[in-house]
Each structure stands twice: as C-alpha cells, then as structure tokens.
Amino acid sequence: MTMVIPKSLKKGDTVALVSASGATPPDKLQPAIEAVEKLGFNVVVGETCRARHGYLAGSDELRAKELNAMFANPEIDGIFSIRGGYGATKILPKLDLETIKQNPKVFAGYSDVTALHIVMNQQCNLVTYHTPMPSTEFIREKMDDYTWEYFINSVTNTQGSDYQLKNPPGEEMVTVVPGTATGQLVGGNLTLVVASLGTPYEIDLQGKILFLEDIEENEQRIDRMLTQLQLTGKLEGLAGILLGGWTDCGPPDPKHPENSLRLETIVDEILTPLNIPILMNVTCGHVLPTMSLPLGKTVKVDATAKTITVVE
C-alpha cells in the first residue's frame with residue numbers, strides 16, 4: 001500500500017479546528033485559537049468547537065459533515081482536532097472517505113482521535129499525526145520545548161529526511177524484548193484500538209509496528225483489553241510494539257496494590273511471548289513532555305539499542 005504524505009504546513013497557511021469527539025469547554029476555546037495563531041497559522045473555527053450535545057461536540061451528523069467539509073475545502077491546508085474525549089467512533093460510517101482520500105492534508109490529534117487515524121491510514125492511505133491538541137495541551141503552562149518541537153516538526157516538515165524519535169533527556173526507553181523490526185507505524189490509544197475490533201474499521205496489524213498508550217484505565221482493564229487483542233489472533237502478525245505513557249493506570253484499588261498485577265507483569269505475560277521487538281516507556285501519550293508520531297509512515301525499531309527511526 002502506497003501511503004500519501006500530506007503537504008507540509010507553513011506560516012500563513014489556514015488550519016481548521018474541529019472536534020469529532022467531545023465538547024470543548026467554552027473557556028478553553030479562545031486560548032486554543034490564540035495558541036495556534038501564535039504558530040503562524042490562520043485559524044478557521046469549526047462549529048463543533050462551540051456545539052454541545054451532552055458530552056459530544058454536537059450531533060453525529062454535524063461532526064461528520066464538518067470533517068468532510070474541511071477536507072473538501074481547498075482553502076483549508078490542515079486540520080487540528082481541538083480535543084479528544086469520546087465520539088469519534090460514532091461518526092465513522094458518515095465519513096466521506098473518498099473525499100478525504102482525494103484531498104490529503106495534515107490531520108492531527110490523539111486519544112479518541114485514534115479511531116480517525118486508523119480509518120484514514122487504512123482506507124484513505126493517508127499519513128496522519130498523533131499529536132497534542134489545542135484545547136488540552138497547547139494552553140497548558142507545562143507545554144514544553146520538547147513537545148512543541150516535535151509537534152511543529154511533524155506538521156511543517158512532513159516530507160523531511162529520516163529522523164529518530166527520541167525520548168527527552170533523562171527518560172530512557174526500556175527494552176522488553178530485544179531485536180529489530182521495520183513496519184508501518186499504527187495505533188494510538190489502546191481503548192480505541194480495541195473498540196475497532198469486529199467492525200468494518202478494524203485495525204490491521206499484519207506486519208505493523210503497533211504503538212499503544214492510555215489514560216485512566218486501571219491495570220485490570222488494560223489486562224482485559226490486551227487479552228482481547230491476543231484472543232483475536234491479530235497480535236500474531238505484528239512486527240514490533242511500542243508502549244507509551246500509561247497515565248493514571250494503576251491498580252483497581254489503590255489502597256491494596258498487592259491485589260493487582262503491575263503493567264510490567266501484564267506486558268510480560270501477554271506481549272513478551274510474541275517474541276517480537278518491544279520497547280516500553282516511549283514518551284508519548286497523555287503525558288507532558290510528549291513526542292508526536294507520524295502514523296502510517298514506516299519506522300525501524302531497534303529494541304536492543306533503544307532507537308526508533310522514521311523512514312522517509
């Protein structure tokens with residue numbers, strides 16, 4: 001499958017802010033707009049950034065229609081998901097995949113946006129970007145130079161030369177299973193990856209490098225989700241695994257951690273027997289600092305040397 005790499009964004013380009021998932025808190029909208037403008041982009045604010053339908057950013061119809069329209073609009077150069085939350089899976093049947101495929105452009109976000117990454121990578125052959133988002137990270141005081149650098153490089157240098165994905169100084173990746181592997185980088189949030197199973201939008205893992213992260217899922221639930229992936233047989237075709245941040249993913253009962261299994265034990269029991277290269281503690285996910293990932297691109301993983309190289 002030949003992947004399409006979108007045109008790099010540059011200062012003066014127009015970026016649309018949209019939400020295919022949760023409603024944006026009103027007090028965070030203007031700071032998010034200003035944060036994107038400070039990067040040198042003109043901003044078009046989608047209706048979904050102000051809409052609310054319970055916990056969703058408007059109806060399923062509105063969220064899908066807006067995303068389709070932003071891809072179709074030739075005046076829009078890139079699309080940033082303003083936030084995650086919940087709801088992206090609900091609009092998948094309403095996406096105009098042919099329009100997205102015929103109008104490739106930078107599409108960025110993470111967390112619940114994983115559902116859209118999977119579909120755009122697989123059904124539109126479009127490279128997309130697992131990045132922090134305007135109303136959740138861009139406006140935080142802890143948004144750091146490392147995170148900004150990875151984000152800006154991802155969206156403004158989409159067709160650059162080979163480069164390495166490196167953790168910040170002092171945060172070393174951990175080898176779970178040594179070895180080397182090369183494959184297309186896919187994945188994102190574990191909950192959303194598992195939610196794709198059994199649907200027409202199911203993630204394809206054959207020969208791929210799978211990245212996984214999550215937030216507020218206790219160890220028992222992570223065990224259950226990884227076990228579900230295992231039982232589908234999809235893990236058998238993997239080339240390698242990258243494990244990112246696991247924020248607030250502790251024991252079900254924090255007062256009795258001895259009654260739980262640690263994440264390292266779960267990984268060792270479910271993933272290590274695959275006997276493929278596995279790196280843990282990759283600085284990416286619901287954490288700051290965080291790197292940005294080019295989903296759909298080919299990466300070379302050397303779990304022995306603890307290196308990840310994006311191949312252009």
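This is a predicted model: local features need pLDDT of at least 70, side-chain atom pairs count only at pLDDT 80 or more; totals for chains, interfaces and linings use all residues.
1. You will find Arg262 in the loop between β10 and α9. If you compare it with Gln206, the two residues are 56 apart in sequence, and their C-alpha atoms are 28 Å apart in space.

2. Now go inside. Which residues touch the most other members of the largest nonpolar core? They are Leu190, Leu226, Leu229, Leu243 and Leu271, in a core of 30 residues. Two or more residues of this core come from each of these elements: helices α7 (190-195), α8 (219-232) and α9 (263-270), and strands β9 (209-215), β10 (240-247) and β11 (278-280). As background, nonpolar side chains tend to be buried together in soluble globular proteins.

3. Setting aside neighbours within four places in sequence, Leu271 is in contact with Leu226, Leu235, Ile241, Leu243, Ile266 and Ile278. Another core, of 27 residues, lies apart from the largest one, and its members include Met70, Ala88, Met120 and Leu192.

4. Have a look at how two of the helices pack. The axes of α8 and α9 are 10 Å apart and meet at an angle of about 15°. Because angles under 35 degrees count as roughly parallel, α8 is roughly parallel to α9. The crossing of α8 past α9 is right-handed. On the α8 side the contact is made by Glu219, Ile222, Asp223, Leu226, Thr227 and Gln230, and on the α9 side by Leu263, Ile266 and Ile270. Sorted by type, the residues of this contact are five nonpolar, two polar and two charged.

5. Next comes helix α4, residues 114-123, where Met120 lies. Is Met120 buried or exposed? With a relative accessible area of 0%, Met120 is buried, since buried means under 20%. Not counting residues up to four places away in sequence, Met120 touches Leu67, Phe71, Ile100, Phe107, Asn125, Leu126 and Thr128. Gly109 is 11 residues from Met120 in sequence, and their C-alpha atoms are 13 Å apart.

6. How many of the 10 residues of α4 are buried? Eight are, so the helix is mostly covered. The buried ones are Thr114, Ala115, Leu116, His117, Ile118, Val119, Met120 and Asn121. After α4 comes Asn125, which has a positive phi, near 55°.

7. Ala64 belongs to helix α2, residues 60-72. Its relative accessibility is 2%, so Ala64 counts as buried. Once neighbours within four places in sequence are left aside, Ala64 is in contact with Ile91 and Lys94. Ala64 and Lys94 are 30 residues apart in sequence, yet their C-alpha atoms are 5.9 Å apart in space.

8. A last stop is Ser196, in the loop between α7 and β9. Although Ser196 sits in a loop, this residue is buried, with a relative accessible area of 7%. Leaving aside neighbours within four places in sequence, Ser196 is in contact with Ile118, Tyr201, Glu202 and Ile203. You have met Ile118 already, among the buried residues of α4.

Technical notes: Residues are numbered from 1 along each chain as its sequence is written. Side-chain values use heavy atoms; hydrogens and water are left out. A nonpolar core is a set of buried Ala, Val, Leu, Ile, Met, Phe, Trp, Tyr and Cys residues joined through side-chain atoms within 4.5 Å. Buried means under 20% relative accessible area, exposed over 50%, partly exposed in between (1.4 Å probe, protein chains only). Helices (H or I, at least four residues) and strands (E, at least two) are DSSP runs, numbered from the N terminus. Contact means heavy atoms within 4.5 Å. Axes are lines fitted to C-alpha atoms, for helices over the stretch in contact, and angles run from 0 to 180 degrees between N-to-C directions. Angles under 35 degrees count as roughly parallel, over 145 as roughly antiparallel, 65 to 115 as roughly perpendicular and the rest as oblique. A crossing is left-handed if the near helix is turned anticlockwise from the far one by less than a right angle, and right-handed if clockwise. Ala, Val, Leu, Ile, Met, Phe, Trp, Tyr, Cys and Pro count as nonpolar, Asp, Glu, Lys and Arg as charged, and the others, Gly among them, as polar.
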